[in-house]
Amino acid sequence: MAMVVKWGNSLMDNTVESVTRAGNEHASNTCCHSFGDGQSPEKMQGHWVLARAGKRVLRPGGLELTRGMLAAMEIGPEDRVVEFAPGLGVTARMVLRKHPAAYSGIEREQAAAAHLQKELASSFAQIVHAPAEASGLASACATVVYGEAILSMQTMEQKARIFAEARRLLRPGGRYGIHELCFTPDASDSTRREIQAEFSKEIHVGVQPLSSPEWAELFEKNEMEVIWNATAPMHLLEPGRLLRDEGLWGGFRVAFNMARNPQLRRRITAMRRVFRRYQAHLWAISMVGRIAKPAGLSGFGEQIA
Ligand SMILES: C[S@@+](CC[C@H](N)C(=O)[O-])C[C@H]1O[C@@H](n2cnc3c(N)ncnc32)[C@H](O)[C@@H]1O
């Protein structure tokens, strides 16, 4: 049964019940109005603005990059999976359909954790209301850890803490997958600073992406060999990606909500403007590391549309 535990509580229940409802990739349509509560509409973090507009896929490279990451992690029935920041549970549902031995989602936002608890109530998933860097889970409890669109919004120190937590949770041979924002090789320091400032101003998220070699370095520092990586354009709010990620009905849902709510429309239009302005310098990237011999990574891997 899914459960929410309070911050700092320790769990990794070994009991595995059967999955009685694998669920759909997309969360129900009735969620999300409480996400970002306490933040004024003009200052609300961009991902909660998108969630309130009915967008369910909140990671920069979309479902295609997610599928690549899941395939590279090779999740099977013997795996014990931990997800950092499951958000609306889109990837959680994809993973639960692979029937892993255990799944725990570590989510910092109370409203998202409560939503997930409800959504996944009939599966064996455990939802922990806690920050990823201090999950409270037992050491070496997992064979797979992953997180999407969480690290880019953390400081360098926080990124290091979250990587260290993933490393602590993983058993030898374990895999860690990330799906984040990535500066392209030609993004100068001043462009990087400009992008960070624009994200703070328009999206209200203190975003600090890294380049591909900088992401790879975090894996190496934590004794993980990067075994797969791929990039995708930052097309989160482009019509083609929106339709591929949300489907026809989901695309209508977002368009309808934007049409009837000028505040949402203004915020989302401003976000798309920022993404378009910097699309030559900002990509989505996914990497999977495995605890094994350290090795370097040079350049970019496959490119996903
Ligand atoms: C952009 S959303 C991404 C949600 C989901 N992973 C996805 O890709 O659709 C960011 C999520 O990260 C969560 N989050 C941010 N910092 C966190 C932390 N330190 N620990 C756990 N969750 C965190 C937020 O609450 C939110 O659910």
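Reader: Hi! Which residue stands opposite R80 in strand 3?
Author: R80 stands opposite A102 there. Strands here are DSSP runs of E with at least two residues, helices are runs of H or I with at least four, and both are numbered from the N terminus.

Reader: What kind of model is this?
Author: This is a predicted model, where local features need pLDDT of at least 70, side-chain atom pairs count only at pLDDT 80 or more, and totals for chains, interfaces and linings use all residues. Residues are numbered from 1 along each chain as its sequence is written.

Reader: Ok, back to strand 2. In which sense do strand 2 and strand 3 pair?
Author: Parallel: strand 2 and strand 3 (residues 102-107) are joined over 5 bridges. Pairing requires that DSSP finds at least two bridges between the strands.

Reader: And is strand 2 covered or open?
Author: Mostly covered, as 5 of the 5 residues in strand 2 (residues 80-84) are buried. Buried means 20 or more other C-beta atoms within 10 Å of the residue's own, exposed means 12 or fewer, and partly exposed is in between, with C-beta atoms placed from the backbone. R80, V82 and F84 point one way from the strand, while V81 and E83 point the other way.

Reader: How much of the whole chain is buried?
Author: 47% of its 305 residues. The chain has 9 helices and 10 strands.

Reader: Switching to helix 6. Which residues are buried there?
Author: I195, F199 and I203 are the buried ones in helix 6. They sit on the same side of the helix because they cover an arc of only 35° around the axis, the arc being that of the directions from the helix axis to the C-beta atoms.

Reader: What covers them?
Author: The cover includes helix 1 (46-52), helix 9 (262-277) and strand 9 (282-291). The face turned away from the buried side carries exposed residues, among them D189, R193 and K201.

Reader: What comes after helix 6?
Author: H204 follows, and its phi is positive, near 60°.

Reader: What about the ligand, which residues come nearest?
Author: Of the 21 residues around the ligand, L58, R59, A85, G87 and E109 come nearest. Being near takes a C-beta atom, placed from the backbone, within 6 Å.

Key:
Contact = placed C-beta atoms within 7 Å.
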